[in-house]
Amino acid sequence: MPRCPNGHAQRLGLKCLVCGEALSFRDSMDELGDLPKVEPNYGKVAVIAVGYPRLSLKADYVGEISASLADLNTPNAFEVASIRGGSWLDYSKKYLEQLRTWMRLVGIGKSTDRLLVLDTSDPLSVLALSALPKLEHTAVIAVVADADSTPVEQNTSYVALSLALRKGFPIIALTETFEGDMLYFTEDRGFAVEADALSRLLGSLLGAADDLMDLLERDMKLGVQMHSLSAIVAGSKSVYGIATNAFMAQSYDLSMGGKPEECQTVHSLVFAREESEAEFEKSFGVFRNRKFKGALNAEFRFHETASPLYDLVTIYGMRTEASLQDIAPGYQAIVGSMPELSVEGAS
Amino acid sequence: MSEPPAGADASEAPAHDYKLVSATYQDREYPEGVLAVNEAGNEIELRRWMGKTKRPDIVIARFHLEPNTDVRVDGAVLNVSELSVTLESPAAAGEVADLLRRPARELEAARLVTEVEASVGVFLETREEALNLLSRIKVDPRGALFASAARSTDSNAEPLDSVYSTYSARLAESLQKMKASLAGGEKGLGVGATDMMYAITYAIGQVQNALFEGDSDLVQELAALRELGIAMTAQELRTKRPTARLLVRAHPALVSLATSSLRSG
């Protein structure tokens, strides 16, 4: 800071306010060469969607990775030109470094939590998982190929899932069939299907991102990385009666095969009016004791809402191999003729 | 360069009159007379005594001098253009020569001010650019860093680190050039104008800081600018790039100061 001959420092003015002597600015020029430090706010939750260009999500950041007519990078989109006949390996070879740079520029590691929403049959899902560094507080919502999918789709999906598992990300898996059949009621727009239904389901999960990440990371410590889910969106007493019925009903429609009894953990997230918290919590206890006695962990989390309709999302910890067994034959069939499309070929 | 005498006084500017011992103009000698030099030092008149009262009211020649006119002094003899004048003393000849050389020195001072201002401008405008980008990064880090990535040379570096590294290097370089330019220009500009340039640079830097912090009403900064002879409003300071405008407004005061320093020097 400029000083007068008597050593008084002063930020502005020509004369010292203490002694009236002239200030000297000559020795203060160097301080103008220092830039102030900024701590940018990247927000709490970042979502990267692959293969779902129409998702409507409320998050601090939503970035989309998709194939289009030409390469186009913006802060919210990484679009690549479609490669004719291209496999996940072709996209990875061509775009991996570019996507890594894009992810660095959009500060993918800077948000507190990250959620990857992947259509794992999309070749770009393998590219996205390859480019994403191993980051804490990162979960994958994976729509997975199933028995009805083609071997190529199964191969891509298998590689993507294997890559997510290898990188240590907790996964919530939904089969393509489950995703295709999703139909939810929304108060403002009526019934929601396809991308709208997925947006509605993800909307609830994003609203409880803290709890979701906490539950998934607890499961990781128990060795449970793969999850299935079931959900009731916009439920009401007039449809389901007591809350226990709602818990029981939703458990018959899991997003990934397997029996509820085989689940290793079970956690329910409820979004409802405050006065119903006690009933839901008690019903969760009944639900857990009736169907998941052997579960390693079971937790209930409540989120207060203003709506008279409630959302109930239950996450089930599964054995990892169960998630891959339906698509393993297709994967193997492709690797048999094209060995470079094996999991080992993905970075 | 010279004009034929018009009979009456053409120059209305205040003039200094110097008695001359003799003068030679266009191979003709004029014993005695007056050499009149205007205040700006760019016009001289050679006048001859008239009548018994020796009134100097016949203009023999009037010269408008360009700033680069060669002015030579040898003792009491002053040579300028086609005119050779012997004044009463070497001191008088020196004083006239000093007056006549002033336009050239003022031109030089204006050139020096402009030159130093250019290096100050590069430094302050680089700083303004950096602070503008950092402000945008605070609000929209992804958009701002994405936009700045095109200027980054290292795609593997952390984007924010890359911004700091790029701008720190540019600032350090322009700061050194500015300091060298100020030090080099001081002899011509004088200490007063150079000190003023340092003060203006620092004050503009403080204005940039206040705008970057965003929580100042700029009252102190505006008062400091006024003290430096720069009239601005808070609204003007909040325009996109106020630095260039501040430097333009500081220019007349700096030239004036440098000119004063020449007069006293």
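A crossing of two helices is called right-handed if the near helix is turned clockwise from the far one by less than a right angle, and left-handed if anticlockwise. The exercises below apply this to a predicted model.

**Exercise 1.** Determine how helix α8 of chain A is oriented against helix α9 of chain A, and which residues bring the two together.

*Solution.* Begin with the geometry: the axes of α8(A), residues 243-250, and α9(A), residues 277-291, come within 8 Å and cross at roughly 50°. Angles under 35 degrees count as roughly parallel and those from 65 to 115 as roughly perpendicular, with oblique kept for the rest, and α8(A) is therefore oblique to α9(A). Next comes the hand, which for the passage of α8(A) across α9(A) is right-handed. On the side of α8(A), the contact is formed by A243(A), T244(A), F247(A) and M248(A), while α9(A) contributes E279(A), F280(A), S283(A), F284(A), V286(A) and F287(A). Sorted by class, the residues of this contact are seven nonpolar, two polar and one charged.

**Exercise 2.** Carry out the analysis for helices α4 and α5 of chain B.

*Solution.* The axes of α4(B), residues 191-213, and α5(B), residues 219-227, come within 10 Å, and the crossing angle is roughly 160°. Since angles over 145 degrees count as roughly antiparallel, α4(B) and α5(B) are roughly antiparallel to each other. Their crossing is left-handed. A203(B), Q206(B), V207(B) and A210(B) of α4(B) meet E221(B), A224(B) and L225(B) of α5(B), a set that comprises five nonpolar, one polar and one charged residues.

**Exercise 3.** Describe the side of chain B that touches chain A, naming the element that gives the largest share.

*Solution.* Start from the totals, which are 33 residues from chain B and 23 residues from chain A. On the chain B side, at least two residues each are supplied by α1 (90-139), α2 (141-148), α3 (159-189), α4 and α5. The largest share, nine residues, belongs to α3(B). By class, this side of chain B has 20 nonpolar, seven polar and six charged residues. For the complex, the predictor gives an ipTM of 0.82 and a pTM of 0.80.

**Exercise 4.** Find where in chain B the mean pLDDT of an element is lowest and where it is highest.

*Solution.* Chain B has a mean pLDDT of 84, with 88% of its residues at 70 or more. Among its elements, the lowest mean, 43, falls to strand β1(B), residues 2-3, and the highest, 93, to α4(B). Over residues 1-11 of chain B the pLDDT is below 50, although this stretch has 19 contacts in the model beyond near neighbours in sequence.

Terms used
Residues are numbered from 1 along each chain as its sequence is written. Chains are lettered from A and ligands numbered from 1 in the order in which they are written. This is a predicted model: local features need pLDDT of at least 70, side-chain atom pairs count only at pLDDT 80 or more; totals for chains, interfaces and linings use all residues. Axes are lines fitted to C-alpha atoms, for helices over the stretch in contact, and angles run from 0 to 180 degrees between N-to-C directions. Helices (H or I, at least four residues) and strands (E, at least two) are DSSP runs, numbered from the N terminus. Two residues are in contact if their C-beta atoms, placed from the backbone, lie within 7 Å. Ala, Val, Leu, Ile, Met, Phe, Trp, Tyr, Cys and Pro count as nonpolar, Asp, Glu, Lys and Arg as charged, and the others, Gly among them, as polar. pLDDT is the predictor's confidence in each residue, from 0 to 100.
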